[in-house]
Amino acid sequence: MSADKSSSWSYAEDLPAEDDVLLRARERSFELGVTPISPGVGAVLTVLAAASKAQTVVEVGSGAGVSGVCLLRGLSPHAVLTTIDVDVEHLKAAREAFLESGSPANRTRTISGRAADVLPRLTDSAYDLVFIDADKPNFPKYVEQAIRLLKSGGTLVINDALDKDRVSNPAARDATTVVLRQIVKAIRDDERLASAMLPTGDGLLVAVKK
């Protein structure tokens, strides 16, 4: 990356101004050992949620509430966010962040459990947006479930899709990178989807179900 490109990327990442609610959510995430989404990714999530006019959203991996707050801020007052996380402490932190953000309890639903077990129990073609930010080895399962869950016109968003710039490097062959590289190609070639890779954060793969 050229110096100008690197400077522009840093500028874009630092441009969003986060309030005390998000800053406290980030503090809780760090205390729990969770790596939250970057401010740039958070801003994109808010815009995607607003632009899609999503009413039903699923989040795989709570991020201790940072991503959920960003999604909620783009959603209409009647939209519902479902957050899935295997760690109850992460969900507790997410609920605290949602409360501090002013979201009514009936706008959020938190489910404790493995996403591989929870997602198959959710209704087909019932969701407008699915955000995946959890254990990468299981991404292929999550992606296929997400496509099933999405309505026509629904949006799929995958965080950390470039895996710290390793996905673009053919010499990088560790298991996580290989999985993500396969997912990127599979989504690109899937006739059910229209997709794009955004260099925001550590890579944000966005796809719309046709």
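Which residue forms a salt bridge with Arg 188? The partner is Asp 189, with the closest N and O atoms 2.9 Å apart. Here a salt bridge is a side-chain nitrogen of Lys or Arg within 4 Å of a carboxyl oxygen of Asp or Glu. Please keep in mind that this is a predicted model, in which local features need pLDDT of at least 70, side-chain atom pairs count only at pLDDT 80 or more, and totals for chains, interfaces and linings use all residues. Residues are numbered from 1 along each chain as its sequence is written, and side-chain values use heavy atoms, with hydrogens and water left out.

**Salt bridges**

- The whole structure holds 14 salt bridges.
- Arg 188 and Asp 189 are both exposed; exposed stands for over 50% relative accessible area, buried for under 20%, and partly exposed for the range in between (1.4 Å probe, protein chains only).
- Asp 163 pairs with Arg 166, and their closest N and O atoms lie 3.2 Å apart.
- In that pair Asp 163 is buried at 3% relative accessibility, while Arg 166 is partly exposed at 32%.
- Shared partners join the salt bridges of Arg 24, Arg 28, Glu 96 and Glu 100 into one network.
- Arg 28 counts as buried, at 12% relative accessibility, whereas Glu 96 is partly exposed at 36%.
- A note on labels: helices (H or I, at least four residues) and strands (E, at least two) are DSSP runs, numbered from the N terminus.

**Helix against helix**

- Helix H7 (residues 139-149) and helix H8 (residues 175-189) have axes that come within 10 Å and cross at roughly 25 degrees.
- This makes H7 roughly parallel to H8, a label for angles under 35 degrees, with over 145 roughly antiparallel, 65 to 115 roughly perpendicular and the rest oblique.
- Axes are lines fitted to C-alpha atoms, for helices over the stretch in contact, and angles run from 0 to 180 degrees between N-to-C directions.
- H7 contributes Phe 139, Pro 140 and Val 143 to the contact, and H8 contributes Val 179, Leu 180, Ile 183 and Ile 187; contact means heavy atoms within 4.5 Å.

**The sheet**

- Seven strands form an open sheet of mixed pairing, in the order E3-E2-E1-E4-E5-E7-E6; two strands pair if DSSP finds at least two bridges between them.
- Strand E3 (108-112) and strand E6 (193-198) stand at the edges with a single partner strand each, so one side of each has no neighbour in the sheet.
- From one strand to the next, the twist averages 15 degrees.
- Strand E5 (residues 150-159) runs antiparallel to strand E7 (residues 204-209), and five bridges join them.
- Ile 158 stands opposite Leu 205 in E7.
- E4 and E5 also pair over five bridges, in the parallel sense, and Leu 129 has Thr 155 in E5 as its bridge partner.
- Seven of the 10 residues of E5 are buried, so this strand is largely enclosed by the rest of the structure.

**Helices on the sheet**

- Helix H4 (residues 66-74) lies across strand E1 (56-60), strand E2 (80-85), E3 and strand E4 (127-132), and runs at about 165 degrees to E1.
- H8 packs on the sheet and touches E5, E6 and E7, its direction making about 140 degrees with that of E6.
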